[in-house]
Amino acid sequence: MADVAAILEAANLKNDHVRDYVRYWAGITGAANIEVVSADDDARLLKEALEAGEIFPAGDGLYYSRSYYKDTARTEERTIVATNDPADKGVYNNWRPASEMKPKLTELMTGASAGKTMYVIPYLMSPPKSPLEAWAAGVQLTDNRSVVLQMIRMARVSVEFINNLQDPASFVRAVHVTGDLENLGQGTQDDKRYFVTVADERTILHFGSSYGGNALLGKIAHGLRQAAYDGWASGKFLGEQFMLLGITDKVTGKKWHIAGGFPSASGKTNLAMTLAPDALGDRYYVEFYGDDIAWMWVGADGRLYGMNPENGVFGVAKDTNEKTNPTALDSIVPRTGAIFTNVAYNEKTQEVWFEGRTPEPPADLDGWLDWKGKPIAERSPAEAKDPWSHPNARFTTTLANVPNIASDYNEPVGVPIDGIIFGGRTRDREPLIRAIRDVAEGVYDGLTLGAEATFAADGLDGQLRYDPMSMRPFMSYPEGAYAAHWLKIIGECTAKPIFAHVNWFQRDASDGHFLWPGYRENLRALLWLMQLREGSVTGVPSPVGILPAKDELNLEGLDIDPADLDRLLTIDVDRWKQEVGFRQAHLEQFANLPAEIWEAHRRVAEALGD
Ligand code: GTP
Ligand code: SPV
Ligand code: MN
């Protein structure tokens, strides 16, 4: 091992607490070398990764990478939140004692980076000078160069962010060790992977993956699990799996901001990047703030403020095309530095392709490899129908590449939030939109968000389950306390956001078609919500919230079957009565749920006529 002190000195890493932390884990993991990185190192690291065959060229300034075929999504069973207090055990946080998990991870990591370089990635999960900056600094250690390239896109990376901390000991210690991916028993009885957030020690220990949220520790482990815990422990903020967008009415000059929780792979990126439908484009302009995480706090003016702690987008590739999400395509054009992972790749032309990019895959199979690297032309008849790309294949690009990125996205003050929406893949029951004015009912609605799980986590696709506020895989403290913390933060606002539940995914029971065209058309529902908030429409009351009257929804330029529209704007009371019973059982699991939430539940049940 080289002289650690000399390397850190040369890299201008001055924080002694960070130095001690690096030295400690270098000793455990047995790395052969240490390298401190910043975003400026990107070009050199790309070159090294290309030369080493870790990534491949995918056009001018575009890159392709393939992860190990058993390492393509988050795994929920192996993900754990540990603390020193058994009272932190909730239903979804997979709580374990810190005293059990730290030695376990230390053992797994011992010597596991032998012969490799350990990269030191100092990062900030917020715009610099944000009111939440004290919770935003972290230092990821990783033995994987592709992970470094992804982190440089997803977070603000520079040694500056940790040299001058107000409290030099206060940064998230985020250790990532890839492990021997071919011998980890992924998904078997003998699974060796562990993804642990030791929340009360602000330490993240992830072993056994190089993919997505398992490996980019600023994103989900710090940005969500740790941040949610810190927000609760400090009493100061909420850290949520939310997108954040702005809508400007060019005629009146008004601007609204909406934050929204949708479970993984359920439409946050697509909604945040949306363009107004063509017929409404002259009037409304949508700005992108964030697509996966929002941290929210109460501003001095009594409004709820929000910001995106990330610096990039890790978006689902599937079905991204000119019609569904032209903004996403524009943010991954040549020279953006975008990285595609687990899509299909043509090693001769260096093109990439994924399901839904075009209606049919490329006709000429020459040079095309599927996401596992196998030539498509060599597929057996039994494999002919297999997807070319993994359903959770993704693109990584920085926020600055997104054409409709808000001009003030990097401003520390954040933006005031007018509306909070929840939604998921729900094939029946949930109408297009229902607005909720009462805060307790809004929080109750988030807690009872029921949706179909997606391919963003291993082995769950299609399962119906409750996913409170889309945080089920990221929950880091007990649900009762989580509900109370939400009520406290929103309760402190003197000007409160309006809540709503949306559903772009209702289907026809007989032929399965989506009743609502989705994507850009979704803006129509959000515009109605903002009009309702301002009192220019009144909506129609229902037992579960206020629905748009048919003539209140702006349908200009939209071709929709009137029978489908009727279904989208009505409530199936019998189906909802059944739902109330399911919700009762769901909520009963949670200890110490605030009385306001139970009261909201009873109000809904009564309104449905129980
Ligand atoms: P994570 O990054 O996993 O948290 O996902 P996300 O919530 O950002 O999901 P994303 O926007 O990437 O969408 C996931 C999938 O849902 C993509 O394949 C989209 O094409 C599809 N999708 C998004 N919005 C809509 C919609 O309005 N209607 C329909 N039918 N599909 C949609
Ligand atoms: C999600 O699964 O919600 C993601 C992708 O945003 S990952 O970073 O892999 O968690
Ligand atoms: Mn997500």
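Over the face of which residue does R78 lie, and at what distance from the ring centre? I looked this up first. R78 lies over the face of Y194, 4.4 Å from the ring centre. My rule for a charge over a ring: NZ of Lys or CZ of Arg within 6 Å of the ring centre and within 35 degrees of the ring normal. I found R507 over the face of F514, at 4.2 Å from the ring centre.

**Ground rules**

I note that this is a predicted model, where local features need pLDDT of at least 70, side-chain atom pairs count only at pLDDT 80 or more, and totals for chains, interfaces and linings use all residues. Residues are numbered from 1 along each chain as its sequence is written, chains are lettered from A and ligands numbered from 1 in the order written, and side-chain values use heavy atoms, without hydrogens and water.

**Salt bridges**

I searched the whole structure and got 47 salt bridges. The term means a side-chain nitrogen of Lys or Arg within 4 Å of a carboxyl oxygen of Asp or Glu.

I picked out E201 and K102, whose side chains meet at 2.8 Å, N to O. E201 sits in the loop between β10 (194-198) and β11 (203-207), K102 in helix α4 (residues 98-109), and the two are 99 residues apart. For helices (H or I, at least four residues) and strands (E, at least two) I use DSSP runs, numbered from the N terminus.

Next I checked exposure. Buried means under 20% relative accessible area, exposed over 50%, partly exposed in between (1.4 Å probe, protein chains only). E201 is partly exposed at 29%. K102 is partly exposed, with 29%.

I then looked at D370 and R379. Their salt bridge spans 3.1 Å, N to O. Are these two residues buried or exposed? Both D370 and R379 are buried. I also traced one network of salt bridges with shared partners: E35, D41, R44, E48, E54 and R145.

**Aromatic rings**

I counted 23 aromatic pairs in the whole structure. Rings of Phe, Tyr and Trp (its six-membered ring) pair if their centres lie within 6.5 Å; planes under 30 degrees apart are stacked, over 60 edge-to-face, the rest tilted.

F237 and W295 make a tilted pair, 5.5 Å centre to centre with 35 degrees between the planes. F237 is buried at 0% relative accessibility. W295 is buried too, at 0%.

F242 and W486 are also tilted, at 6.0 Å and 55 degrees. F242 lies in strand β13 (residues 242-249) and W486 in helix α12 (residues 479-492), so this pair ties together parts 244 residues apart in sequence. Last entry: Y229, W232, Y477 and Y482 form one aromatic cluster.
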